[in-house]
Every structure is written in C-alpha cells, then in structure tokens.
Amino acid sequence: MALAHRSQHGRPNTQRAMTLKIFEIDPMLQGVQGQIWERVNGYKWWKNELQEKEGGLEKFAEGYKTFGLTRDERGVTYREWLPSAAQVFLIGEFNNWTNETPLA
C-alpha cells in the first residue's frame, strides 16, 4: 500500500507502508524518516524526469560531450543552455577577469 501526497516541492510523495531497511539497521534514523523519504521520493521524481525528458540518466550524464568547452577537429567550442539569460560573458585571465567578452 502506498500513501500519496505532494511534498513541499510539489513532487508526488509515495511513502510505502513498509519501512526502508535502513530504519531497521539504524533505529536512530526514525526521527528523520520524513526527510529521508523526501530524498527517496525526490530521487524517484528526478529519475522519472530525466527518463522522460532527456532519454535517461546515462544520456543526460553525457551532456559534457556537448556542453561546456569541447574540442573537435575544427577547434574549441563553448556551449551552454541558458534560455533565460539576458547576457552572458566569458571571463578569465585572458581578459583580466572583466565582463568584456560577450557570448553571442
């Protein structure tokens, strides 16, 4: 049997009537059982989100191949997903750490 309600973050919360094994191993965790279930349910929610929207955790974890600084036979490319950004600057030692190199 599962009890379902919304967590404080709006994610579905399915706390099973049976307990997690960790509560049997360490009874001191009984006082924080709610927080642990929040993490368990958060993990399940994100796993589902990544499966539905990104093709799974493994595919999502390969984002480093596309985003950030990448190198190929044509040179180096910098790519980020920033849909709400008004401006983005690349800063570093090459420009004395100033916001003078806007990214298109």
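Start by selecting Trp 46, which is partly exposed with a relative accessible area of 47%, where buried means under 20% relative accessible area, exposed over 50% and partly exposed in between (1.4 Å probe, protein chains only). This is a predicted model, in which local features need pLDDT of at least 70 and side-chain atom pairs count only at pLDDT 80 or more, while totals for chains, interfaces and linings use all residues. Residues are numbered from 1 along each chain as its sequence is written, and side-chain values use heavy atoms, with hydrogens and water left out.

The ring centres of Trp 45 and Trp 46 are 4.7 Å apart and their planes stand at 85°, so the pair is edge-to-face.

Next, select residues 68-72, strand β3, together with residues 75-79, strand β4, which pair in the antiparallel sense over 5 bridges. Strands (E, at least two residues) are DSSP runs, numbered from the N terminus, and two of them pair if DSSP finds at least two bridges between them. A hairpin through 2 residues joins β3 to β4, and Asp 72 can be found opposite Gly 75 in β4.

Finally, stay in strand β4 and pick Tyr 78, which counts as partly exposed because its relative accessibility is 36%.

How values were computed. Helix = DSSP H or I, 4+ residues; strand = E, 2+ residues; numbered from the N terminus. Phe/Tyr/Trp six-rings, centres within 6.5 Å; stacked < 30°, edge-to-face > 60°.
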